Amino acid sequence: MPAETIAPSGGRPALREPLWLRLSLIGGALTFLAVFLLLPLILVFVQALGHGVEAYWDALVEQDAVSAIQLTVLVAAIAVPLNLVFGVAASWCIAKFEFRGKSLLITLIDLPFSVSPVISGMVYVLLFGLNGWLGPWLIDHNIKIIFALPGLVLATVFVTFPFVARELIPLMQEQGTEEEEAAVVLGASGWQVFRRVTLPNIKWGLLYGVLLCNARAMGEFGAVSVVSGHIRGMTNTMPLHVEILYNEYNFVAAFAVASLLALLALVTLVVKSLLEWRYGDELAASARH
Amino acid sequence: MVFGLLRRGFLGVTLAAGALGCGLLTSMPAAADTTLLNVSYDPTRELYVEYNKAFAEYWKTQGGDAVRINQSHGGSGKQARSVIDGLDADIVTLALAYDIDAIAERGQINKDWQARLPQNSSPYTSTIVFLVRKGNPKGIKNWDDLAKPGVQVITPNPKTSGGARWNYLAAWGYALEKWNNDEAKAKEFLEQIFKNVPVLDTGARGSTITFTERGLGDVLLSWENEAFLSIKELGADKLEIVVPSLTILAEPPVAVVDKVVDRKGTRKVAEAYLNYLYSDAGQEIAAKNFYRPRNPAIAAKYENVFTKANLFTIDERLGGWQAAQKKHFSDGGIFDQIYQPGK
Amino acid sequence: MTDISLRSAPQMRVGRWSLRKPSVLPGFGLTLGFTLCYLSLIVLIPLAGLILAAAGLGWSGFWSAVTTPRVLAAFRVSFGTSMIAALINAVFGLMVAWVLVRYSFPGKKIVDAIVDLPFALPTAVAGIALTALYSRNGWIGSWLEPMGIKVAFTPIGIIVALTFIGLPFVVRTVQPVLQDLAPEEEEAAVSLGATRWQTFCRVIFPAILPALMTGTALAFARAVGEFGSVIFIAGNMPGISEIIPLLIIIKLEQFDYAGATAIATLMLMVSFAMLLAINMLQAWMRSRHAG
């Protein structure tokens, strides 16, 4: 049959599972995803809109909610570019060069990812807290780190530390160094090599890394909870504000702010899918082995 | 490097975020002349929203600057920990004296803090009551009913929640009374109660939500003010309050954080803030938010709100907070013995 | 190629202790220097501070702080629930990856996209939503409760939350490997008379096993430290549903900094060991893949 010749890998009966098995695998996978992923997401929006759009909107424009949103955006706007620069630098030296201790370096870069967020917050308290190593000096110089913006940024940077690098390192490793080497031999400067050769190859991975990093930065709870101080309207980020509203029996408002964060997550995913769809070939070429 | 990337235009998200952030920095609301930070425990949110407004107006009439009071709420222990670690609180209004003592021990507050204001520095009091479902289906009347098999008791974790420590000590005081100070019996009694506890939330609010919203448990051990508030918020058709035969006089204390107010130069207004809590207006606000006022005249006015309860204080029966904390809640203390893993 | 290595020869002749292999590409010093500085400032120095603080306890102090029954029980809870959640993710993650790679069905793109949701959704939001779903009056809980299954406020609740958190890891590590699997081997197996099941067990499964293990290990590593989503749903009973990160917070709130640092340091070491293991797994995976 012609269809078989067109789709050689999936088309042959011997290489396919029987229909019942296929359907039950699809069914099982979809049920699992629906129960674990979709339902919580739907619940957030149902609860948020439970008292109508007006109540939803009121909850979002309420003064403390607005300042929580502003603070969250500000923190992410500082933390994400920092980790972006770091991620590009780290993946350049790791992917393009061979050197001793590389795997140790990779492990150290990965470390914040598996360290409990609670510990990430706590280390900064131990360092900058009043009874910490630098605490007395900071007080003398009237510098506030924890329970203020710098502490929130530090904790967020820590938690989202590996995101861009993790996305880029495998990508750049796959691509090898031939193109860059050729460019150098042809007389391009380092910056030109990066901009003209490397960047076009990694841009989609980079963008996705940034998006994920941003979503995680805005949504971090455990680490910022330790260093925030929870001052209403001043050091409450959105996830902390959700918790506070929830604790004030203000469930609609809590879920309304939560739905913004969920929306952010969805936008991240949609942008990613759009990229994959639009630049599918390019992506596949760069993401494949 | 960043600019190169930005020029290529694929950091739209971050760029927009950055622009927003910069805009925010310049558009921060102009700070009032004086700002105070009141670091408080969980159930006082509504109280201090109202009180802060009243105080700001009062302070203006006294010829003071415009004053803006920021609030931070959380579990009492967590809040004390933040102040110890350098959260710039001018005022702490916590659930129990032990937490303020912990701050004083590390030098942020003078050790004599409790004697500086009348009535042990607690301008309002509360007590521990039972919140049960409407109609009291399990017939819970007193502490003994909590130890019965088949009754589910909701209380936060005494290790992290100030309110839960009051809960625990109220039960302990009752047991001592009942068994003539036989501590072994009291311990057994507490063990039975805690066997009936299916969830230990970290804070008082968490427990209230578990009980009211999640529908778990038959009885919630709760601050009296918290119980009133949840009835007000969630409907009198669902819940009712039971006052046990003997319970504890909970005295949430307040203090000025000396190190901070001296550094910020806010001592005068911070002290006025606490003193105003003892004024008629302050007492009235406390009573309206279901805290028992200290002022007899105001208390008389709200007599029909608060049930008459037979109360004991921690000082007369348990030898004060330091002793109680050490004996019950320190590592390896009686609470830990009750909660041996696997028991 | 020879030309290139000749050109860069002078740089590399630092001796046999040279730190890196030669390359014509520029920027090694700059990027590595920046990487190390940033890494030290953000991660290493703060973590060293933690370890120093724990070292102040002395070995016996450290040991007694981390071996109290309550701490041990919390470790059991944390590792046990994370392990179960990781295994659930291994099974269902493989299934999801398989379905996404091998079959086509309506809405597949959406499903593929939504797998990443736990990466992006804030953990606290996930925790609150899951609690609301699984408590006795929630959408799922009200349906499970009559059957005698309690999820919220039990260790099962922790497993649910951790399964949510770890879901994308297995799918995203297995998916590309499955995609790259050459159909020839499967065809060969079939032409040699293997059944579909035999082909899966003997040809496909061994090929994706390293990726599956890596993904599972990643899900496990992430789950052990998780805090935000768990505290809402766990019940937090000492010895039963109290996880290690919560215990650290509790110790801090009791002003027991020494205890908190000791537990945190132990956890940090565990995280580091797990990551080393994962990176070794990945190296193995690459070598298998190449060979």
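In chain B, 75% of the contacts with a separation of 6 or more are between residues 24 or more positions apart. The model is a predicted one. Chain B has 343 residues, and buried residues make up 62% of them. Its secondary structure comprises 17 helices and 11 strands.

Chain B is split into two domains, each built from two segments: domain 1 covers 34-122 + 252-278, and domain 2 covers 127-250 + 308-338. Between the C-alpha centres of these two domains of chain B the distance is 27 Å. The contact involves 16 residues of domain 1 of chain B and 17 residues of domain 2 of chain B. Together the two domains of chain B bury about 1200 Å², and carbon and sulfur atoms carry 57% of that area. On the side of domain 1 of chain B, the residues that lose the most area to domain 2 are B:Pro43, B:Leu96 and B:Tyr98, which together give 42% of what that side buries. The count of salt bridges between domain 1 and domain 2 of chain B is 1. Elsewhere in the description of chain B, a salt bridge joins the side chains of B:Arg205 and B:Glu46, with an N to O distance of 3.3 Å.

Chain B also holds an aromatic cluster, whose members are B:Tyr48, B:Tyr51, B:Phe55, B:Tyr58, B:Trp59, B:Tyr273 and B:Tyr276. A charge sits over a ring in this chain as well: B:Arg317 lies over the face of B:Phe312, 5.0 Å from the ring centre. Chain C has an arrangement of this kind, with the charged end of C:Arg102 over the ring of C:Trp98 at 4.8 Å from its centre.

The next topic is the contact between chains. Where chain B meets chain C, 32 residues of chain B and 25 residues of chain C take part. The area buried between chain B and chain C is about 2300 Å², with 57% given by carbon and sulfur atoms. The number of salt bridges between chain B and chain C is 1. B:Asp331 and C:Lys251 form a salt bridge in which the closest N and O atoms are 3.2 Å apart.

Between chain C and chain A, 101 residues of chain C are in contact with 98 residues of chain A. About 9000 Å² is buried between chain C and chain A, and 79% of this comes from carbon and sulfur atoms. Across this interface of chain C and chain A there is 1 salt bridge by the rule applied. A:Lys272 and C:Asp116 form a salt bridge, their closest N and O atoms being 3.1 Å apart.

Aromatic pairs occur both within and between chains. A pair of aromatic rings is described by the distance of the centres and the angle of the planes. Over all chains the count comes to 49 aromatic pairs. One of the pairs is A:Tyr124 with A:Phe158, which is edge-to-face, at 6.1 Å centre to centre and with 90° between the planes. The two residues are 34 residues apart and link distant parts of the chain: A:Tyr124 belongs to helix 7 (residues 117-128) of chain A, and A:Phe158 to helix 9 (residues 149-159) of chain A. Both A:Tyr124 and A:Phe158 are buried.

Another pair is formed by A:Phe221 and C:Phe227, and it is stacked because the planes of the rings are at 15°, with the centres 6.3 Å apart; stacking requires planes under 30 degrees apart. This pair crosses between chains: A:Phe221 is in the loop between helix 12 (190-219) and helix 13 (222-228) of chain A, and C:Phe227 is in the loop between helix 12 (196-225) and helix 13 (228-234) of chain C. A:Phe221 counts as buried because its relative accessibility is 1%. C:Phe227 is buried too, with a relative accessible area of 5%. The cut-off for buried is under 20% relative accessible area.

Just after helix 14 of chain A, A:Tyr249 adopts a positive phi of about 60°.

Note on methods:
Residues are numbered from 1 along each chain as its sequence is written. Chains are lettered from A and ligands numbered from 1 in the order in which they are written. This is a predicted model: local features need pLDDT of at least 70, side-chain atom pairs count only at pLDDT 80 or more; totals for chains, interfaces and linings use all residues. Side-chain values use heavy atoms; hydrogens and water are left out. Rings of Phe, Tyr and Trp (its six-membered ring) pair if their centres lie within 6.5 Å; planes under 30 degrees apart count as stacked, over 60 as edge-to-face and the rest as tilted. Helices (H or I, at least four residues) and strands (E, at least two) are DSSP runs, numbered from the N terminus. Buried means under 20% relative accessible area, exposed over 50%, partly exposed in between (1.4 Å probe, protein chains only). A charge sits over a ring if NZ of Lys or CZ of Arg is within 6 Å of the ring centre and within 35 degrees of the ring normal. Domain bounds come from an automatic or database domain assignment. Contact means heavy atoms within 4.5 Å. Buried area is the accessible area (1.4 Å probe) that two parts lose on being put together, summed over both. A salt bridge is a side-chain nitrogen of Lys or Arg within 4 Å of a carboxyl oxygen of Asp or Glu.
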